[in-house]
Amino acid sequence: ISAVFCITCPVFAQHFYYAPNAVHIPMMSEKNDAALTVGIGRGSGYRALEVQAAYSPLRHVAIMFNYFDAGSKEVERLKETGGRGKLTEAGAGVYQGMTNGCISLLAGYGQGYFFNNYGLERISRFEVQRWFVQPALMYQDKFFRGGLAIRLNRLYYSEGETAFNIDENELNAIQNIEERSVFFLPELGIHTGINFAPFALNLSLTTIFPKTYNLNFARFNSNFSLTLDIGRMVKKEGKGK
């Protein structure tokens with residue numbers, strides 16, 4: 001039911017100056033484990049395409065990649081009002097595989113932008129950079145998978161521009177962001193899914209942990225995704241040969 005809601009519920013365009021991508025919680029147990037996830041994220045005022053990839057080049061070592069594309073392209077073309085954002089990030093860290101589980105500690109860097117069209121050729125655009133550290137716990141058996149993670153972000157607005165003849169609430173939010181500049185922004189990620197190897201259907205929720213009054217951040221991201229366990233496919237093919 002939640003997955004259907006995530007995909008079909010209409011999204012009403014809103015302006016936002018930050019939106020969290022889905023927290024990536026990899027499931028690793030040994031060298032050459034790899035997975036690719038493609039999903040649809042939904043938050044307050046946006047729908048997003050998300051792509052996540054993880055790979056273990058060495059035992060107990062993991063690398064990951066995340067891509068987040070939120071909002072309509074028509075917003076940037078000034079054909080629709082609302083918000084749009086993109087974020088690309090990469091990270092690396094360590095993990096410890098357990099029976100039906102994995103504990104990981106990852107850190108990384110991402111950058112992107114958030115663009116808003118208020119109509120009448122009034123816009124704002126802000127470049128963002130984000131460093132993060134993420135401890136996580138993942139469980140997976142033959143049928144079920146679930147995970148929990150806390151992503152500790154250092155969010156920095158490196159540059160930006162805005163029209164000044166916009167709504168007062170929007171302008172106040174932008175001024176608050178400018179004054180506070182660097183944000184320590186913990187985010188909580190909860191993950192659950194159904195496993196039918198080498199695929200898995202997932203539903204996750206990501207939320208900004210502290211209060212973000214007067215900043216116009218999109219605080220939540222619900223994500224429905226499909227994961228392909230590439231490592232398992234390669235191992236089965238190798239055993240078959």
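Two rings of Phe, Tyr or Trp, the last taken by its six-membered ring, count as a pair if their centres lie within 6.5 Å. With that in hand, let's walk through this predicted model. A search of the whole structure turns up 12 aromatic pairs.

Start with Phe16 and Tyr46. Their ring centres are 5.4 Å apart and their planes meet at 50 degrees, so this pair is tilted; edge-to-face would need an angle over 60 degrees, and stacked one under 30. Now look at where the two residues sit. Phe16 belongs to the loop between helix 1 (2-8) and strand 1 (34-43), while Tyr46 is in strand 2 (residues 46-58), so the contact ties together parts that are 30 residues apart in sequence. Phe16 and Tyr46 are both buried.

Next comes Tyr17 with Phe126. Here the centres are 6.0 Å apart and the planes stand at 85 degrees, so the pair is edge-to-face. This pair, too, links distant parts of the chain: Tyr17 is in the loop between helix 1 and strand 1, and Phe126 is in strand 6 (residues 122-140), 109 residues apart. Tyr17 counts as buried because its relative accessibility is 0%. Phe126, at 10% relative accessibility, counts as buried as well.

One last stop involves a charge and a ring. The charged end of Arg125 sits over the ring of Tyr113, at 4.0 Å from the ring's centre.

Key:
Residues numbered from 1 in each chain as written. Predicted model: local features only at pLDDT ≥ 70, side-chain atom pairs only at ≥ 80, totals over all residues. Heavy atoms only, no water. Helix = DSSP H or I, 4+ residues; strand = E, 2+ residues; numbered from the N terminus. Buried < 20%, exposed > 50% of the residue type's maximum accessible area, 1.4 Å probe, protein only. Lys NZ or Arg CZ within 6 Å of the ring centre and 35° of its normal.
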